[in-house]
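Subject: Structure handover

Hi there,

Here is the structure I promised to pass on to you. Have a look at it first, and then read on for what turned up.

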Amino acid sequence: MKSRPAKLRQFALAIGTLLLLHGTVHAADPAHTTLRLGATSGPYTDQLRYGIVPVLEQQGYKVKLVEFSDYVRPNLALADGDIDANLFQHEIYLKRFAQDHQLKLSEVIKVPTAPIGIYSKRHTSLDEVRPGATVALPNDATNMARALGVLQEMGWIRLAADVNPTRASERDIASNIKQIKLVPLEAAQMPRALEDVDYAFVNGAFAIAAGLKLTQSLHLASVPDSFLMVVAVRSADLDKPYVKDLREAFHSAQYRKALDERFEGYVRPAYLK
């Protein structure tokens, strides 16, 4: 019978062999071994859960996911140090929110994004729009501007010629071509609003979380790079080892595998194409 020290040496040898076969495991940031990652409930929390958390845990991190149901608290929680990174917003929203609230937050990396779409439970086509039709759109400034831009592309409204498209509001509508009635609502309420309006702009994350399929949308907006979702951290932490490890996790084969298996149809940034 082998002695206990012999068994321990044999176990250590086996572990060492596995490391040689599968590559060196990166040490976790010794100053930041527990990571709290925030995201809106639904597909972005799931992207972290299935594609990123396993990679970080293999590196020695303990990871806690914190779910949010709105677009305000995730950045405030990040700035206050309650979480270490978040995933729920696009570049334009991040920059505007940080400026408006005087927060020092920075983008780490862009991630695959479920596009904002127009959905309806009353109509099967955008061609059915009639004067007086109600159209719900997000009431936060950045996503409202995005929705108004889409309505202009569709020919339903015309914005003033001199308006900044990233800051457009209802006041900037020069012509309401289809005579629609706009109903600004909190983005998270859009899926429920489908019972009460003719059409609604539903952000991809909230659509999927509510059981809607992207293919059910009557129109999916295009997604320029500035509207791809981003991972954000406090600017002071941007060069810390844990942020480097977090960024590299999005380049990993395991993350790409999770995308292929669970997130079909998402618009991917260039590094994942």
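A residue counts as buried when its relative accessible area is under 20%. With that cut-off, strand E12 is mostly covered, since six of its six residues are buried. E12 will come back several times below. Please keep in mind that this is a predicted model.

**Overall picture**

The protein has nine helices and 12 strands. Of its 273 residues, 49% count as buried. The C-alpha trace spans about 85 × 40 × 30 Å along its principal axes. Among contacts between residues at least 6 apart in sequence, 75% join residues at least 24 apart.

As for confidence, the average pLDDT of the protein is 90, and 90% of the residues score at least 70. Residues 11–23 fall below 50, and beyond near neighbours in sequence this stretch has two contacts in the model. Where pLDDT is low, the predicted coordinates should not be read in detail.

Going through the pairs, strand E1 (residues 34–40) and strand E3 (residues 85–90) run parallel and are joined by three bridges. Leu37 has Ala85 in E3 as its bridge partner. E3 and E12 run antiparallel, with four bridges between them, and Leu87 finds its bridge partner Val231 in E12. On to E4: this strand pairs with E12 in the antiparallel sense over six bridges, and Leu105 stands opposite Arg234 in E12.

**The cores**

Which residues touch the most other members of the largest nonpolar core? They are Leu56, Val231 and Phe250, in a core of 58 residues. Helix H2 (residues 43–58) gives the largest share of this core, six residues. Apart from it lies another core of 24 residues, among them Leu137, Met144, Ala145 and Leu159. In soluble globular proteins, nonpolar side chains tend to be buried together.

Val231 deserves a click in your viewer. Leaving aside neighbours within four places in sequence, Val231 is in contact with several residues including Ala85, Leu87, Val108, Ile109, Leu246 and Phe250. Its contacts also include the polar residues Asn86, Ser106 and Glu107.

**Asp237**

Is Asp237 buried or exposed? Asp237 is buried, because its relative accessible area is 5% and the cut-off is 20%. This residue sits in the loop between E12 and helix H8 (241–249). Not counting residues up to four places away in sequence, Asp237 touches Tyr242 and Val243.

Another open sheet is formed by five strands in the order E9-E6-E10-E5-E11, and its pairing is mixed. Strand E9 (181–185) and strand E11 (219–220) are at the edges, each with a single partner strand, so one side of each is left without a neighbour in the sheet. Two bridges join strand E5 (residues 117–119) to E11, and the two run antiparallel. Here Gly117 has Leu220 in E11 as its bridge partner.

Helix H5 lies across E5, strand E6 (134–138), E9, strand E10 (199–202) and E11, running at about 140° to E6. In the loop between helix H5 (141–154) and strand E7 (158–159) you will find Gly155. Gly155 counts as partly exposed, because its relative accessibility is 26% and the class lies between 20% and 50%. Although Gly155 and Ile177 are 22 residues apart in sequence, they are 7.2 Å apart in space, C-alpha to C-alpha. Not counting residues up to four places away in sequence, Gly155 touches Ile177 and Lys178.

Enjoy exploring, and write back with any questions.

Best wishes

How values were computed. Residues are numbered from 1 along each chain as its sequence is written. This is a predicted model: local features need pLDDT of at least 70, side-chain atom pairs count only at pLDDT 80 or more; totals for chains, interfaces and linings use all residues. Side-chain values use heavy atoms; hydrogens and water are left out. Two strands pair if DSSP finds at least two bridges between them. Buried means under 20% relative accessible area, exposed over 50%, partly exposed in between (1.4 Å probe, protein chains only). Contact means heavy atoms within 4.5 Å. A nonpolar core is a set of buried Ala, Val, Leu, Ile, Met, Phe, Trp, Tyr and Cys residues joined through side-chain atoms within 4.5 Å. pLDDT is the predictor's confidence in each residue, from 0 to 100. Axes are lines fitted to C-alpha atoms, for helices over the stretch in contact, and angles run from 0 to 180 degrees between N-to-C directions.
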